[in-house]
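Here is a short tour for someone new to this structure. Take a look at it first, and then we'll walk through a few of its parts.

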Amino acid sequence: MNKKFNKKEIIEWIVFLIVLLTVWTHVNVVVSNSMYPVMERGDFVIVENANWEFNPNDVQVGDIVVYKAHWPKYWENHAQYIVKIDNKTLIRFDGNHIEPVIHRIIKKIKINNTTYIITKGDNNPTYDPELISTNQIKQRVVDINGKPLVIPYIGYISIFLKENIWLVILIVIIWYVYDYYVRKNKEKDI
């Protein structure tokens with residue numbers, strides 16, 4: 001049974017995919033409580049994308065940004081150098097093992113004409129250990145009157161899928177096997 005799509009159905013699918021892609025690139029899931037009470041684990045935050053909707057060099061102290069952090073997987077990366085600024089010991093990392101982190105900018109500094117960022121989770125006792133370059137900033141949280149745009153709890157779907165990927169794969173396999181046998185039995189009845 002081959003179904004042919006008409007032109008209207010194809011256009012509807014294309015529009016649906018464009019809307020889905022646009023929405024998906026403008027949200028991020030909070031995976032910890034490091035920014036509590038501003039945002040919590042499982043929240044969706046609305047973001048704008050670096051180099052397309054804002055210039056990462058224009059971020060300000062107080063902005064909440066999503067950046068590619070090396071420090072959560074520090075053992076898989078290597079430190080380029082360690083610097084001490086205002087009694088803060090910071091590490092400049094290098095490597096490809098990164099994870100997105102959503103934290104607030106607490107300071108901008110210049111070293112040898114290069115701008116670097118120091119970040120901290122609002123709920124964390126201390127600053128992040130990595131000295132961040134502006135090219136590591138990938139998104140900035142959209143805010144209205146200083147309050148970030150947050151959709152509570154929706155992100156738990158994404159967290160569940162990531163944390164239980166084998167269960168999801170098993171369910172999909174069972175679904176396909178079930179569907180195969182249902183179709184096979186229908187063909188026998190015809």
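Strands here are DSSP E runs of at least two residues and helices are H or I runs of at least four, numbered from the N terminus. Keep in mind that this is a predicted model, where local features need pLDDT of at least 70, side-chain atom pairs count only at pLDDT 80 or more, and totals for chains, interfaces and linings use all residues. Residues are numbered from 1 along each chain as its sequence is written, and side-chain values use heavy atoms, leaving out hydrogens and water.

β7 has strand partners in β6 and β8. Two strands pair if DSSP finds at least two bridges between them.

| Pair | Sense | Bridges | One facing pair |
|---|---|---|---|
| β6 (residues 99-111) and β7 | antiparallel | seven bridges | I105 and T119 |

How many residues of β7 are buried? Six of the seven in this strand (residues 114-120) are, with buried meaning under 20% relative accessible area (1.4 Å probe, protein chains only).

Now for the helices. The axes of α2 (residues 156-163) and α3 (residues 165-189) come within 5 Å and cross at roughly 85°, so the two are roughly perpendicular, a label for angles of 65 to 115 degrees. Axes are lines fitted to C-alpha atoms over the stretch in contact, with angles running from 0 to 180 degrees between N-to-C directions. F160, L161, K162 and E163 in α2 meet I165, L167 and V168 in α3, contact being heavy atoms within 4.5 Å.

How values were computed. Angles under 35 degrees count as roughly parallel, over 145 as roughly antiparallel, 65 to 115 as roughly perpendicular and the rest as oblique. Buried means under 20% relative accessible area, exposed over 50%, partly exposed in between (1.4 Å probe, protein chains only).
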